[in-house]
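Please open the model in your viewer and keep the sequence panel beside it. The tour below moves from one selection to the next and says what is there.

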Amino acid sequence: GPLGASEAAFRGSPAGSPSPRVRTLCACHKMPSLLALLACSGAILTPAHRSRREVLQTAALPVLVAPVAAANAVTSPSSASLQASWTATAGFSDASFIRFDEGAYKAMVDDERRTPLFEKAIRQRLAGTSDAVVVDLGTGPFAVLALSAARAGARKVYAIEASPEAARLARKAVSQATDVPAGVVEVIEGFSTAATLPEKADLAVAEIVGSIASEEGLHATIRDAQARLLKRPFEESSWIPCRCQTAAAPASYALHYALGPPQFDWGKLGGEPVRLNCRDETLELMSDPLLWEDISFAEPLPPPGVWRPSPPLRFDISAARIDANEKVYYDELRREGAKEEEARAVAGGAAHGLSGVALWPRLVLDPKGDIVVESRGPRGEGQKSHWQTVLALLAPRPVPVAAGSVLQLEATVKLGAAVDVPPVYELQARVA
């Protein structure tokens with residue numbers, strides 16, 4: 001959820017977060033207490049505040065008016081320099097991409113919108129085969145997808161894992177799988193780009209997708225696998241997933257609106273995006289989403305250097321979405337005890353405030369596009385996911401926009417030559 005990043009903005013230092021390769025299942029709340037966070041204009045958020053409910057219990061209601069006044073000092077569209085730039089590892093305590101966290105891996109495995117669909121795609125792809133060779137890129141400590149491939153009839157599965165601890169546990173998981181014959185699954189420790197297989201594979205399973213599809217070294221990994229590891233790398237049937245996408249949409253973020261100078265300075269995040277639970281209703285989309293990244297594993301991938309993942313995108317700010325977002329914010333503030341006038345002022349301002357561009361992943365697992373992993377709903381609806389929604393803030397303060405406005409977005413990604421060289425993202429936007 002947003003509290004760690006928010007504290008970093010308040011205190012002027014980046015939050016320590018887990019490596020992007022170790023995605024976590026965020027807290028179960030759908031919305032932090034907006035009233036509590038508004039009331040904190042006169043308080044300091046500390047680790048002792050273990051939940052927003054505790055903040056609410058310790059904060060005084062009368063200070064609600066002060067942050068509303070401060071929050072209204074937003075940026076006008078005409079004077080705004082709407083841009084964002086960050087490295088994939090910005091704000092993370094471990095820039096190596098492979099920090100091990102068994103609990104986070106378990107959250108990935110337990111994600112009901114992820115693992116069962118991967119297993120279904122694997123069974124469908126291997127149905128009727130008996131001699132298939134599979135390579136699992138990034139098998140993790142439980143080797144779940146490698147074992148699924150073995151159970152689906154693969155003759156041999158090479159399960160590659162960069163983390164030494166995860167590889168050790170993967171070997172243990174394989175040895176304990178009594179329904180898989182010994183020797184079918186072989187765990188190989190190290191990056192796949194450094195691995196040499198005794199034979200090329202018929203199928204690659206590659207769940208190496210970050211909350212932005214490209215942020216976990218995907219391009220370098222897949223380029224290498226295309227060149228060395230697969231028999232037919234440019235056929236969609238050789239890949240699960242066969243394409244990975246990043247959806248994008250302009251978004252309002254209630255905390256960005258409610259908490260501002262002089263108490264809080266979002267600019268001190270230094271470009272680091274805010275990462276949120278996909279169900280967190282403090283973030284609301286202002287238009288229908290568009291595809292920003294669409295990476296087909298069965299096509300040649302761009303080389304290292306500057307990549308433009310899409311043509312310039314045009315988002316139409318939706319009156320219906322703004323109205324719905326305002327109602328969400330208003331109802332939450334009223335439930336928390338805010339007075340009607342105060343709740344309407346904050347909810348209206350937040351719903352019309354463009355904070356940035358929300359980004360989240362989408363995985364197409366089969367060539368027909370029938371098996372799709374959605375971290376948010378098809379129209380960007382919030383839902384439970386172990387992936388996060390990444391919010392790239394376009395300015396230190398929200399930009400007021402009206403229904404019918406257009407956000408024009410151009411983006412580049414600087415791709416590294418190696419798996420452990422994080423991509424660098426740059427967004428340029430304009431409201432018209």
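In which loop does Ala 143 lie? Select the stretch between strand E2 (133–137) and H7: Ala 143 is in that loop. Helices (H or I, at least four residues) and strands (E, at least two) are DSSP runs, numbered from the N terminus.

Two notes on the model come before the next selection. This is a predicted model, in which local features need pLDDT of at least 70 and side-chain atom pairs count only at pLDDT 80 or more, while totals for chains, interfaces and linings use all residues. Residues are numbered from 1 along each chain as its sequence is written, and side-chain values use heavy atoms, with hydrogens and water left out.

Most residues other than glycine have a negative phi. Ala 143 counts as buried because its relative accessibility is 0%; buried means under 20% relative accessible area, exposed over 50%, and partly exposed in between (1.4 Å probe, protein chains only).

Now extend the selection to helix H7, residues 144–151. Seven of the eight residues of H7 are buried, among them Val 144, Leu 145 and Leu 147. Just after H7, select Gly 153, where phi is positive at about 115 degrees.

**Two cis peptide bonds**

Go next to Ile 240 and Pro 241. The bond joining them is cis, with omega about 0 degrees, and Pro 241 sits in the loop between strand E6 (239–240) and E7. Then move to Pro 261 and Pro 262, where the peptide bond is also cis and omega is near 5 degrees. Pro 262 belongs to the loop between helix H10 (254–258) and strand E8 (274–277). Most peptide bonds are trans.

**Salt bridges**

Show the charged side chains. How many salt bridges does the count come to? The count is 21, a salt bridge being a side-chain nitrogen of Lys or Arg within 4 Å of a carboxyl oxygen of Asp or Glu.

Begin with Arg 243 and Asp 294, which form a salt bridge with their closest N and O atoms 2.9 Å apart. This pair links distant parts of the chain, since Arg 243 is in strand E7 (residues 243–253) and Asp 294 in strand E10 (residues 290–296), 51 residues apart. Asp 294 is partly exposed, at 35% relative accessibility.

Select helix H11 next. Lys 327 and Asp 331 meet in a salt bridge of 2.7 Å, N to O; both lie in H11, four residues apart, about one turn of the helix. Lys 327 is exposed, at 52% relative accessibility, and Asp 331 is partly exposed, at 24%.

Further along, Arg 335 forms a salt bridge with Glu 332, the closest N and O atoms being 2.9 Å apart. These two residues also lie in H11, three residues apart, about one turn of the helix. Are Arg 335 and Glu 332 buried or exposed? Arg 335 is exposed, with a relative accessible area of 60%, whereas Glu 332 is buried, at 10%. Elsewhere, salt bridges that share partners join Asp 202, Lys 231, Arg 232 and Glu 235 into one network.

**The second largest pocket**

On a 1 Å grid over the protein atoms alone, a pocket is an open set of points with protein on both sides within 12 Å along at least five of seven lines, a cavity is a set of points where a 1.4 Å probe fits but cannot get out, and lining residues have an atom within 4 Å of a point.

The volume of this second largest pocket is about 310 Å³; grid points are joined across faces, edges and corners, and a volume is the space filled by probe spheres set on the points. Of its 16 lining residues, Glu 284, Arg 321, Gly 380, Glu 381 and Gly 382 lie nearest the centre. The lining divides into four nonpolar, three polar and nine charged residues. Here Ala, Val, Leu, Ile, Met, Phe, Trp, Tyr, Cys and Pro count as nonpolar, Asp, Glu, Lys and Arg as charged, and the others, Gly among them, as polar.

**The second largest cavity**

Last, select helix H9 (residues 218–228), which gives the most to the lining of the second largest cavity, with three residues. About 60 Å³ of space lies in this cavity. Its lining includes Ser 214, His 219, Leu 415 and Pro 423, and by class holds six nonpolar, four polar and no charged residues.
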